Amino acid sequence: MTSLADKLVITAAIVGAEVTRAANPHVPYTAEEIGREAARCASAGASVIHLHVRHPDGRPAHERALFQAAMAEIRARCDVLVQVSTGGAIGMSVAQRSEGLDAAPEMASLTCGSVNFGDQVFANAWPDMCALAARISSARVTPELELFELGHLWSARRLLREGRLAAHSYQVVLGVPGALPAEPRLLGVVLDEIRREEPGAHVSVAAMGRHQLTMAAEALARGAHVRVGLEDNVYLEKGVLAEGSAPLVERAVALGRSGGREPASAAELRALLAAWAAAPHHG
Ligand code: KMH
Ligand code: ZN
């Protein structure tokens with residue numbers, strides 16, 4: 001099976017639903033700001049942009065017009081794969097969380113279960129996951145199955161087993177308060193469990209706050225890919241805010257190179273997705 005095991009796929013999560021300019025003034029809100037930040041990340045070495053949208057005042061948004069505007073600004077500036085969020089913000093409906101799929105992305109995130117999320121609950125009931133999977137599948141978009149907890153893997157497998165999705169990647173998200181902590185041995189357990197059934201699975205790792213760097217290094221050492229960016233972490237180092245997500249991408253590139261893994265290009269990742277589409281049960 002085609003794979004990018006010798007390369008490093010870097011996903012830049014440039015704007016989430018929670019982080020605001022109160023935490024870091026470099027969080028992009030408008031379509032143009034998102035396009036510029038995506039281009040900076042692409043030239044630093046990211047091949048995927050994980051995308052949320054915001055209202056100009058920073059409130060989390062879901063409107064398809066905002067996704068389409070952000071997409072146009074990204075496409076005008078750089079060659080990256082865009083992975084729209086179907087997680088959105090806590091409290092959004094399934095219909096709202098599906099709107100990014102109308103902006104013709106290559107990929108979409110799909111959270112595979114409910115989870116405590118700080119003081120709140122990020123609810124993903126099984127029927128909602130099935131509805132999102134159906135929307136992703138009919139839009140012919142490649143899902144990235146997000147695991148915030150080990151148990152989410154069994155819901156991901158159920159989606160696959162029931163034929164609701166086929167070709168897919170995984171994103172292991174560590175360190176959300178109330179969910180699976182960002183600890184190397186726990187990442188090891190999740191990766192072993194994924195690979196037990198899918199030895200060739202394409203897995204990326206994201207971690208919150210100060211864990212972003214240490215878990216990126218762990219991911220690299222364990223043959224996985226990485227997600228970095230202001231959605232998950234606003235600091236470049238202790239007490240130093242990152243001036244956007246691009247410096248975090250640069251750091252991931254340096255980490256990858258130190259381990260002999262060059263950043264994968266968007267073209268290489270597109271070829272991999274096409275190979276998965278032709279033979280979906282990779283692993
Ligand atoms: N904002 C979180 C509640 C995703 O993008 O797929 C959910 C989230 C997941 O960010
Ligand atoms: Zn997200």
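Here is a short tour of the ligand site, the pockets and the cavities in this predicted model.

Visitor: Where does ligand 1 sit?
Guide: Let's begin with the space itself. A pocket with about 460 Å³ of space is found here, and 30 residues line it, with Glu18, Phe117, Met208, Glu231 and Asp232 nearest its centre. Ligand 1 sits in this one, the largest pocket.

Visitor: Which side chain has an N or O atom 2.6 Å from an oxygen atom of ligand 1?
Guide: Good one to check on screen. The side chain of Glu18 has an N or O atom 2.7 Å from a nitrogen atom of the ligand, and for His52 the distance to a ligand oxygen is 3.0 Å. The 2.6 Å pair, which involves a ligand oxygen, belongs to the side chain of Ser109.

Visitor: How much of the area that ligand 1 exposes when taken alone does the protein bury?
Guide: Taken alone, the ligand exposes 300 Å². Around ligand 1 are 14 residues, and Glu18, Ser85, Gly88, Ser109 and Glu146 come nearest. Of the area exposed by the ligand alone, the protein buries 98%.

Visitor: What is the volume of the largest cavity?
Guide: The structure holds two cavities of 30 Å³ or more. The largest has 15 lining residues, with Ala61, Phe67, Ser85, Gly88 and Met92 closest to its centre. By class, that lining has seven nonpolar, six polar and two charged residues. The volume of this cavity is about 80 Å³.

Visitor: Which element gives the largest share of the lining of the second largest cavity?
Guide: About 60 Å³ of space lies in this cavity. Among the residues lining it are Val9, Met107, Glu144, His202, Leu269, Leu273 and Trp276. The largest share of the lining is three residues, and they come from helix 9.

Note on methods
Residues numbered from 1 in each chain as written. Chains lettered and ligands numbered in written order. Predicted model: local features only at pLDDT ≥ 70, side-chain atom pairs only at ≥ 80, totals over all residues. Heavy atoms only, no water. Near = heavy atom within 4 Å. Polar contact = N/O pair within 3.5 Å; in protein donor to acceptor, adjacent residues only side chain to side chain. Areas by Shrake-Rupley, 256 points an atom, 1.4 Å probe, with all protein chains shown as cover. 1 Å grid on protein atoms, 1.4 Å probe; cavity = no way out; pocket = protein on both sides within 12 Å on 5 of 7 lines; lining within 4 Å. Sits in = over half its atoms within 2 Å of the grid points. Points joined across faces, edges and corners; volume = space filled by probe spheres on them. Nonpolar A, V, L, I, M, F, W, Y, C, P; charged D, E, K, R; others polar. Helix = DSSP H or I, 4+ residues; strand = E, 2+ residues; numbered from the N terminus.
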